[in-house]
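Here is a short briefing on one protein chain. Have the sequence and the 3D view open while reading.

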Amino acid sequence: MKRVFTGNSNVFLFATVQEASINSYRNERGLVLSPVKECCKNSTMLPTTSPHSNGALGSRDAARHTAGAKRYKYLRRLLHFRQMDFEFAMWQMLYLFTSPQRVYRNFHYRKQTKDQWARDDPAFLVLLSIWLCVSTIGFGLVLEMGVLETLKLLLWVVFVDCIGVGLLISTLMWVISNKYLLKQPSRNFDVEWGYAFDVHLNAFYPLLVILHFLQLFFINHLVVINSDWFVGYFVGNTLWLIAIGYYLYITFLGYNALPFLKNTVVLLYPFALLGLIYVLSVSLGWNFTKGLCWFYKARVQ
């Protein structure tokens with residue numbers, strides 16, 4: 001061993017000639033990793049691409065981003081309530097009324113962090129289902145339905161009005177947006193079907209609250225909108241105008257938030273038809289709420 005003293009202090013350092021020679025031998029033989037390789041060896045690596053893959057993800061990483069894998073993850077979380085963020089879902093429901101742009105801003109964050117536009121947390125769907133059940137039971141009470149009739153109405157509203165119509169509208173918008181609204185048709189930029197369904201759920205929630213909850217207080221009380229009285233069908237049709245207007249506007253915001261779509265303003269064109277129908281309904285005495293009540297009663301008989 002070689003002893004080295006520093007100044008007048010009693011501190012001394014020991015350096016082994018044997019260790020230095022061994023390190024030199026290992027470096028010559030390539031047995032020692034470079035600092036960068038050593039760091040990478042001891043750390044968790046992110047998914048990288050092969051130098052011959054032209055930037056494409058490896059098979060294992062690509063499998064994690066397939067539609068089937070995302071769908072499986074979403075459905076699996078339906079069975080684990082503790083993994084759902086209900087507080088955040090309630091926050092979204094509140095802002096769908098006051099500032100829906102902030103809700104879609106969060107979809108941008110999800111794309112940046114999780115590489116998908118659609119929700120990966122079913123908490124919003126669960127809360128929406130609870131709203132459907134509560135409001136439908138309220139409808140059954142207001143329309144003086146029995147227990148069996150209310151149960152039939154609940155099944156109809158959940159599986160037909162929400163899920164069935166939702167699947168139809170989502171699929172239609174998914175096809176239209178990918179076929180006609182893409183700036184540059186490409187496999188790398190397309191509208192996810194799950195995102196189209198999320199947009200429908202976002203737009204459906206305010207409509208549900210207005211027509212299935214707020215409207216209950218007016219059907220047989222206050223202005224009695226379930227009648228042929230002018231004030232009644234004026235208030236009732238106005239609620240329909242606001243509810244459908246919310247649906248159209250939030251749907252427009254959902255597709256307008258995607259940077260690779262063009263001409264999304266066409267989704268606002270139905271507002272002209274909506275306004276025309278509203279004016280005609282008030283002028284001719286059409287009562288949409290009365291028709292809805294009749295339709296629900298006819299469905300459960």
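A nonpolar core is a set of buried Ala, Val, Leu, Ile, Met, Phe, Trp, Tyr and Cys residues joined through side-chain atoms within 4.5 Å. The model discussed here is predicted. Its largest nonpolar core has 60 residues. The protein holds 13 helices and two strands.

**Overall make-up**
- Of the 301 residues in the protein, 36% are buried.
- Take the contacts with a separation of 6 or more: 70% of them join residues 24 or more positions apart.

**Nonpolar core**
- Which residues have the most contacts inside the largest core? They are Phe-139 and Tyr-195.
- The largest share comes from α9, with 13 residues.
- Beyond its neighbours within four places in sequence, Phe-139 is in contact with Leu-153, Leu-211, His-212, Gln-215, Leu-216, Ile-219, Leu-292, Cys-293 and Tyr-296.

**Surface patch**
- A nonpolar patch lies on the surface, with about 910 Å² of accessible area together. Its members are Leu-148, Leu-151, Leu-155, Phe-159, Val-160, Ile-163, Val-165, Leu-167, Trp-174, Val-175 and Trp-193.
- Helix α8 gives the most to this patch, with ten residues.
- Phe-159, one of the patch residues, sits in helix α8. Is Phe-159 buried or exposed? Phe-159 counts as exposed because its relative accessibility is 52%, and the cut-off for exposed is over 50%.

**A buried glycine**
- Gly-236 belongs to helix α11. Gly-236 counts as buried because its relative accessibility is 0%.
- Gly-236 and Thr-289 are 53 residues apart along the chain. Their C-alpha atoms are separated by 6.1 Å.

**Annotated spans**
- An unreviewed UniProt entry carries the annotation "transmembrane region" for residues 123–142, 154–176, 203–223, 230–255 and 267–289.
- Residues 123–142 are 100% helix and 0% strand in the model. The end C-alpha atoms of this span lie 29 Å apart.
- Residues 154–176 are also 100% helix and 0% strand. Here the end C-alpha atoms lie 31 Å apart.

Notes: Residues are numbered from 1 along each chain as its sequence is written. This is a predicted model: local features need pLDDT of at least 70, side-chain atom pairs count only at pLDDT 80 or more; totals for chains, interfaces and linings use all residues. Side-chain values use heavy atoms; hydrogens and water are left out. Buried means under 20% relative accessible area, exposed over 50%, partly exposed in between (1.4 Å probe, protein chains only). Helices (H or I, at least four residues) and strands (E, at least two) are DSSP runs, numbered from the N terminus. Contact means heavy atoms within 4.5 Å. Patches are made of residues with over 30% relative accessible area and no salt bridge: like charges are joined within 9 Å, nonpolar side chains (Val, Leu, Ile, Met, Phe, Trp, Tyr) within 5 Å. Accessible areas come from the Shrake-Rupley method with a 1.4 Å probe; for residues, only the protein chains shown count as cover. A salt bridge is a side-chain nitrogen of Lys or Arg within 4 Å of a carboxyl oxygen of Asp or Glu. UniProt positions are given in the numbering used here, feature names are shortened, and annotations may be inferred rather than shown by experiment.
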